Amino acid sequence: MAHILIVGGHDETFRMIEDLPVELSVFQNSESVTARQARRAHRLCVFDYRNQAEALSMAQELHEVKPVDAVVSFTEHGLMPAAVIKEALGIKGNARKAVRLTRDKIAMREHLAGRDLGAVLTRSCDSASEVRSFLQSVGGPIIVKPAEGAGSSGVLRVSSLDQVESAFACSRGEYPGPTLVEEFIDGPEYSVESFTTDGRHDIIAVTAKTTTGPPRYIETGHLMPAVLAASALAELRGLVTDFLSSIGHSFGPAHTEVRIGSAGPRIIEGNTRPGGDFIWELVHRAMGRDLVRESICHLAGLPPQSRAPGRGAGCVAFFGYENVVIERVQGIEAARQAEGVIRLQCSLEPGQLLGPLRSSADRQGVIVAVGTDLVDAERRLAEAQARIRVETSVYVDLVLSATGVADG
């Protein structure tokens with residue numbers, strides 16, 4: 001059997017490959033270890049795998065005892081350690097260049113600059129005055145975000161000079177280090193889901209996104225496949241294919257975020273992993289593509305797995321209450337049993353005091369539904385939502401604090 005090293009991962013990752021004839025070694029942090037992972041792994045090494053030097057040292061020791069054939073990660077913080085290991089051991093896996101360019105937002109912007117690849121105006125800033133200067137030079141709204149951030153944490157839209165100081169402080173407060181500022185692309189947001197084999201990019205689906213809007217644009221839902229004109233779909237496919245080739249992405253899933261503005265599509269972010277926020281589940285259940293299983297089979301040299309037909313379409317909706325007290329929650333189990341619902345998670349409980357949504361981590365759960373087409377999937381989602389009753393009351397102190405009134 002091929003010996004595959006997986007860096008990080010959730011239970012869903014291991015469930016998808018539970019029956020595959022591969023020998024697994026797993027690097028995992030102590031907070032994420034589960035019984036399922038311990039059962040599936042032939043070797044389980046528990047430490048902070050985000051430390052690249054330690055991860056490489058552990059991999060080298062493992063490789064001496066039992067040669068590793070390939071290394072992979074499907075999680076944000078495991079991508080770079082896995083790429084470092086791949087390069088050092090000379091084994092199969094994601095190319096380090098591609099991972100570096102997508103993990104480092106500043107490096108990606110520098111890579112896109114001067115290329116006809118949907119680049120946006122951008123600058124790395126170390127002070128609020130630099131942000132202010134960029135806003136004045138762009139002459140319109142900008143996005144301020146941490147260069148190493150994720151999950152919309154520390155991301156804010158800024159449209160006036162008096163917002164710069166607080167936005168910069170918020171970004172630095174979430175992630176110390178460089179702050180990235182970009183021109184704001186006013187248009188609908190999408191992501192493009194793909195799988196690459198030996199440098200050939202297969203575009204699987206385009207996902208439409210809904211968000212809270214300004215100032216933070218926290219994602220509240222997804223629709224797959226997005227409804228787009230044939231010309232717009234072709235333009236997106238071409239742009240993302242060219243982008244993935246330009247960064248040297250030669251293997252595995254990718255999740256590329258774009259906005260379509262008045263000047264056409266613009267790349268916002270790229271990721272050499274499956275889409276998060278249950279987009280991976282839509283790809284699996286609606287489009288019939290198990291990206292984790294496909295990745296492991298390719299790395300292990302196993303025959304391509306037969307694909308179960310997808311349902312055709314799917315949608316995701318998040319629970320996103322803010323600035324309220326939760327008084328009563330009813331109908332969760334009834335909604336979970338609704339036709340077409342494949343996942344329902346909800347952490348809402350009576351008595352909860354919920355402040356403002358500052359990142360995707362503040363959302364309180366999710367509903368995922370599938371159907372034969374997008375209309376069918378949305379109908380089933382709406383039917384599930386109609387079974388849920390959440391009673392709330394306004395928590396005045398939180399609202400005042402969020403708006404700054406409580407500060408005088």
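1. Helix H4, residues 79–89, is mostly covered in this predicted model. Of its 11 residues, 8 are buried. They are Leu-79, Met-80, Pro-81, Ala-82, Ala-83, Val-84, Ile-85 and Leu-89.

2. Four strands form an open sheet in the order S5-S8-S6-S7, and their pairing is antiparallel. Strand S5 (122–125) and strand S7 (156–158) are the edges, each pairing on one side only. From one strand to the next, the twist averages 25°.

3. Within that sheet, strand S6 (residues 142–146) pairs with strand S8 (residues 179–183). The sense is antiparallel, and the pairing runs over 5 bridges. Val-144 faces Val-181 of S8, standing opposite that residue.

4. Which strands does helix H6 touch? H6, residues 105–112, packs on the sheet and contacts S5, S6 and S8. Its direction makes about 40° with that of S8.

5. Helix H7 covers residues 128–138. H7 lies across S5, S6, S7 and S8. Relative to S5, H7 runs at about 165°.

Conventions. Residues are numbered from 1 along each chain as its sequence is written. This is a predicted model: local features need pLDDT of at least 70, side-chain atom pairs count only at pLDDT 80 or more; totals for chains, interfaces and linings use all residues. Side-chain values use heavy atoms; hydrogens and water are left out. Two strands pair if DSSP finds at least two bridges between them. Helices (H or I, at least four residues) and strands (E, at least two) are DSSP runs, numbered from the N terminus. Axes are lines fitted to C-alpha atoms, for helices over the stretch in contact, and angles run from 0 to 180 degrees between N-to-C directions. Contact means heavy atoms within 4.5 Å. Buried means under 20% relative accessible area, exposed over 50%, partly exposed in between (1.4 Å probe, protein chains only).
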